[in-house]
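Please open the structure in a viewer and keep the selection tool at hand.

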Amino acid sequence: GVKDGSWTVLHLVEALGSCLENTDPRTRGRGIQLLSQALLQCYSLLQEKEVLHLVLFYENRLQDHHLVIPSVLQGLRALSMCEVLSPGLAVSVLKAIFQEVHVQSLLQLDRHTVYSIITNFMGTREEELKGLGADFTFGFIQVMDGEKDPRNLLVAFQIVRDLIAKNYALGPFVEELFEVTSCYFPIDFTPPPNDPHGIQREDLILSLRAVLASTTQFAEFLLPLLIEKMDSDLQSAKLDSLQTLTACCAIYGQKELQEFLPSLWSSLRREVFQTASEKVEAECLATLHALSACLSRSVLSSDTEDLLDSFLSSILQDCRHHLCEPDMKLVWPSAKLLQAAASASLRAYHRITCSVLPLLLEQYTKHPQSSQRRTILEMLLGFLELQQKWGHVEEDESSLLSLQAPVCSVVFSALTDPSVQLQLVGIRALTVLGSLQGFLSPSNLELVVDHLIRLALHEEDSQSSEAAMEAAGSLAPIYPKVFSGRMVPRVEEELRSEREEESSRDHCSLQQRCLQALAAVSTHSSIVRETVPVLLQHLQNVQKGSEAGNTQDVVSVCQSLHRVALQCQQDAEGCWYYHQTVVPCLLGMAVQAATQESTHPLLSKALLEEEVLAAMVPIISAATTHLSPELAAQSVSHVVPLFLDGEVSFLPQNSFPCSFQPFEDGECLEAQRRLVALLMAFICSLPRNVAIPQQERLLQELLALSCSCNCPFTATTAAKCFAGLVNKHPAGQQLDEILQLAVNRMEPGLAEGPRRTQALTLLLWVTKALVLRYHPLSAHLTDRLLGLLGDTELGPAAADGFSLLMAESPDVLHKGCHADVRIMFRQRFFTDNVPKLVQGFHGANPDVKANYLKALSHVLNHLPKPVLVTELPTLLSLLLEALSCSDRVVQLSTLSCLQPLLLEAPQIMSLHVDTLVTKFLSLTSSPTMAVRIAALRCAHALTSLPTTVLLPYKARVIRALAKPLDDKKRLVRKEAVAARGEWFLLGSPGR
Amino acid sequence: GPGGGAPLENANPLIYRRSGERPVTAREEDDELPDSIDDREIFDISAFLNPAHLIRSINDPEHPLTLEELNVVEQVRVKVNDAESTVAVEFTPTIPHCSMATLIGLSIKVKLIRSLPERFKLDVHITPGTHASEHAVNKQLADKERVAAALENSHLLEVVNQCLSARS
């Protein structure tokens with residue numbers, strides 16, 4: 001009634017009258033409880049006058065019997081939420097609570113109510129409460145003193161934070177307030193199992209840290225506490241202390257830290273020098289960084305000493321000499337401490353590096369061993385990398401610039417050292433030096449490039465050579481002129497040189513290196529314009545040659561061109577340049593070769609090899625996927641007429657021995673048809689919204705080619721190209737018609753005749769195209785495929801086809817080439833088809849059962865592991881049966897399915913331990929190495945099942961695993977050693 | 001436990017670089033061609049023990065040093081003859097008075113017993129001139145009965161097993 005206004009609170013109080021005044025505290029309590037509950041429902045409707053009376057009533061009741069107090073507090077909580085509370089009442093309520101109630105003897109919930117009342121008043125009556133001065137703070141200290149419940153602590157900590165953040169007067173009670181909160185540090189709380197409140201240890205830690213690190217007033221009490229706890233035996237206490245100290249540094253200044261700096265440093269040093277834990281080390285370094293930053297930031301009055309200087313001096317004093325012992329364990333901890341301090345500010349960096357860099361340079365010269373030099377150079381590199389934080393090198397301030405000559409000479413000496421490890425650090429140093437703007441003089445820069453060229457092309461070790469190429473790639477965008485003017489011509493020269501004195505193998509590997517280097521350095525558009533013509537010219541040259549190694553050379557050029565294409569993709573202009581330059585040129589060369597083949601079939605032509613065409617596919621694809629739709633449309637208007645109508649006018653070469661008609665019939669056109677691979681690379685990589693001219697005609701030609709061609713490469717390529725287009729084709733009648741056409745051509749081919757394989761390939765690719773986009777026809781086609789598993793001739797190929805359906809194909813029908821791929825297609829395929837596979841397996845003739853198992857294992861192999869684990873129980877018996885299948889593909893794929901399951905679902909697998917042990921052990925003597933390895937890995941993974949399940953088998957497994965220890969293949973022995981070692985440890989002490 | 005609570009034996013020991021994972025060659029991937037057991041293979045088996053429990057001074061539970069990094073086992077001190085089925089491993093204690101020498105040797109020996117075909121005859125001993133009680137330790141390691149008895153001792157077995165556990 002009170003809620004809807006028909007009753008006033010006064011009516012309620014009157015009605016409850018006798019009850020509220022009853023002499024029995026229980027009855028009185030119930031009365032007050034009812035009133036308080038009513039107030040909690042309708043506090044917003046109360047009048048100012050009513051509130052006043054209620055407050056006075058409740059304050060008075062605080063002196064009542066302890067049974068009544070909880071309800072009284074509830075009422076006060078309701079009233080604390082009233083907006084119409086008269087000025088002065090909040091203070092009076094709080095005073096009454098502070099005076100009358102011994103909060104810590106209340107139950108948790110009631111204590112929580114008190115905190116809520118305080119929180120409410122602090123939210124709305126801040127000015128009034130501040131009028132209480134430090135009494136309010138003192139009152140609160142008494143309220144929370146001794147609090148134990150984590151839920152209440154979170155609220156209490158928040159109140160303390162507000163007291164500090166909103167500048168309530170702490171008066172003489174700073175230390176008391178610190179004591180009443182810091183007594184919980186470090187937090188030691190483990191939430192009970194099944195805790196419904198969900199309070200984590202981390203919540204309390206962060207909440208308390210926010211209190212402790214909220215004011216400089218606590219510093220003199222807090223810092224000694226943190227120093228003490230850093231020495232704790234508990235790693236968690238150490239970490240908490242370090243993190244709290246780091247948090248304090250955000251607000252502290254020199255004044256707070258001054259007195260404690262020596263002990264702070266010695267604690268941090270001790271931890272870093274002695275710790276076993278990387279976590280502790282990382283926290284110590286973060287704290288040192290924060291301290292150094294804090295001191296760097298402090299504003300000093302004119303008469304105070306700059307503590308940063310003396311602080312860094314003591315760090316240098318304790319760490320510097322360890323840098324001179326590059327073999328000893330303390331060298332790295334010392335270097336890390338110095339780097340942490342130096343990274344805090346430019347000032348700190350100068351102070352440390354002006355002492356350390358000359359020392360390291362000197363030590364480098366003093367230590368002749370490569371391994372020592374490597375450590376020293378790595379440290380030097382660490383300091384140089386820090387310089388990058390502050391961008392360019394300032395002339396007047398930089399100690400670094402004065403060291404330019406010795407730093408360069410040390411780095412250059414590393415680059416010519418025989419130790420590859422040292423070379424690698426030197427190469428990394430080059431990248432860093434080069435990225436420091438203004439550090440390398442033009443002459444040094446030329447030396448850098450020369451070193452990179454030498455290492456990239458002539459260094460024997462491939463790791464160094466690769467690193468040098470990478471370094472060139474990352475420096476080239478900073479100094480494009482130097483690289484295009486110096487490196488590109490030199491590499492081009494090497495590439496062209498024909499050297500008689502060298503063995504052909506050396507020459508070949510130099511050519512390889514040149515090609516890789518050209519690709520690696522193509523990381524800036526101006527350089528790409530230099531390297532692409534060189535690569536294309538080289539391609540033109542090698543494809544003419546007729547030696548045996550030719551194919552591999554052509555493929556190498558293609559790989560380099562591909563890498564350049566990938567590096568151009570992000571820049572629209574570069575991408576178009578590349579596309580416009582490379583695609584017509586490749587097509588031109590290929591058409592030239594193919595038309596020559598039609599007229600002079602006896603000349604061998606490397607460009608027409610399947611391997612070479614396959615290497616050209618990714619180039620054209622990468623040059624196309626990132627084109628804007630407008631430019632792609634421009635390009636497609638040339639390429640489609642080339643293939644459909646022999647329209648060659650856009651090609652750079654324009655005289656060909658005969659016309660180009662890849663879709664025509666004719667013996668001599670075999671080579672031309674193969675170029676459909678290049679059409680596929682281009683047209684299947686186009687963005688989905690690019691319209692393809694004469695698409696229906698093109699689809700029909702591809703369909704015809706895929707079913708009628710005798711060359712498997714061409715037929716498969718045509719099928720893939722058809723599938724790629726169908727996948728992106730908008731849904732509708734046109735698509736349905738073309739699909740119907742495809743089915744009509746496929747069916748008779750599948751049924752009988754010489755081209756069943758081609759028909760199956762087409763079926764597979766079209767099915768894949770439709771499965772990916774959830775097209776309704778995909779179910780029908782998949783069923784057709786499932787049916788073929790029972791076919792004695794096509795069954796094995798159909799089973800392998802399931803791998804094709806599930807795997808990501810590298811050239812068409814993937815996301816990168818804009819195909820329509822639903823993310824859950826594998827799960828959906830699994831759900832729809834695995835029951836049919838299982839059913840098919842049970843009903844199949846013995847001679848084709850393996851096909852079903854193989855298909856199943858392909859599907860399972862590509863399923864995300866979490867899905868696999870949940871689906872496992874229904875399939876396990878079939879998988880166990882598959883282990884006995886004699887087909888090694890089935891064995892291998894089943895083993896690789898089972899291995900993660902052993903690790904992730906040990907409970908379910910335990911039920912079958914007997915079968916698993918027997919089958920795994922028997923497969924360890926398979927004739928196929930890969931199966932033996934997989935079986936041993938499974939035997940190893942078995943050890944993650946519960947020990948009690950395994951112990952009965954321990955002796956038998958150890959005995960059986962002795963045999964593969966003597967396997968003829970090292971890779972098998974390695975797995976056997978690992979597996980047997982684990983089995984020995986089972987149930988043994990100390991495991 | 002061994003070394004437990006004792007003062008650090010060597011707080012700043014020399015450390016050596018790991019030689020890195022052995023690269024897999026094309027030959028090794030060929031199903032048909034046999035690969036004989038070589039020095040490197042035995043070295044890899046014996047060097048990657050987890051000695052953290054034995055050599056307490058460098059006990060870093062998250063990144064324990066291997067015997068290789070401590071230079072206790074070096075590839076040049078491993079000799080294998082696959083045809084004659086013999087393996088000899090010399091190990092070098094970190095300091096001449098290292099109290100853990102026997103246990104280190106025992107761990108290496110047990111690891112090899114468990115990892116090698118039975119046909120091999122094993123010889124594990126201290127690098128000559130690198131330990132004060134070299135002779136006594138070698139004698140114990142060569143004594144089959146003593147090795148067997150040591151492994152019956154559950155306390156010793158525990159330490160050895162800890163050393164043999166895969167590093168996490």
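Predicted model: local features only at pLDDT ≥ 70, side-chain atom pairs only at ≥ 80, totals over all residues.

Residues are numbered from 1 along each chain as its sequence is written, chains are lettered from A and ligands numbered from 1 in the order in which they are written, and side-chain values use heavy atoms, with hydrogens and water left out.

**The interface**

Select chain A and chain B together. Here 32 residues of chain A are in contact with 43 residues of chain B, contact being heavy atoms within 4.5 Å. The two chains bury about 3,100 Å² between them, 48% of it on carbon and sulfur atoms; buried area is the accessible area (1.4 Å probe) that two parts lose on being put together, summed over both.

Next, select Lys329(A), Lys968(A) and Arg970(A). These supply 20% of the area that chain A buries against chain B, more than any other three residues.

Now display the side chains of Asp966(A) and Arg119(B). They meet in a salt bridge, at 2.7 Å from N to O. The count between chain A and chain B is 4 salt bridges, each a side-chain nitrogen of Lys or Arg within 4 Å of a carboxyl oxygen of Asp or Glu.

Then colour helix H50 (970-985) of chain A, one of the helices that supply at least two residues of the side touching chain B. Helices are DSSP runs (H or I, at least four residues), numbered from the N terminus. H50(A) gives the largest share of that side, 9 residues.

**The interior**

Move to Phe483(A) and Ile683(A), the residues with the most contacts inside the largest nonpolar core, which has 405 residues. Such a core is a set of buried Ala, Val, Leu, Ile, Met, Phe, Trp, Tyr and Cys residues joined through side-chain atoms within 4.5 Å. Helix H30 (residues 572-599) of chain A gives the most to this core, with 14 residues.

Around Ile683(A), select its contacts, including Val636(A), Leu698(A) and Lys728(A).

Finally, select Leu495(A) in helix H26 (residues 480-496) of chain A. Is Leu495(A) buried or exposed? Leu495(A) is buried, with a relative accessible area of 4%; buried means under 20% and exposed over 50% (1.4 Å probe, protein chains only), with partly exposed in between. Leu495(A) touches Gln511(A), Leu518(A) and His538(A), among others.

Key. Lists of a residue's contacts leave out its neighbours within four places in sequence.
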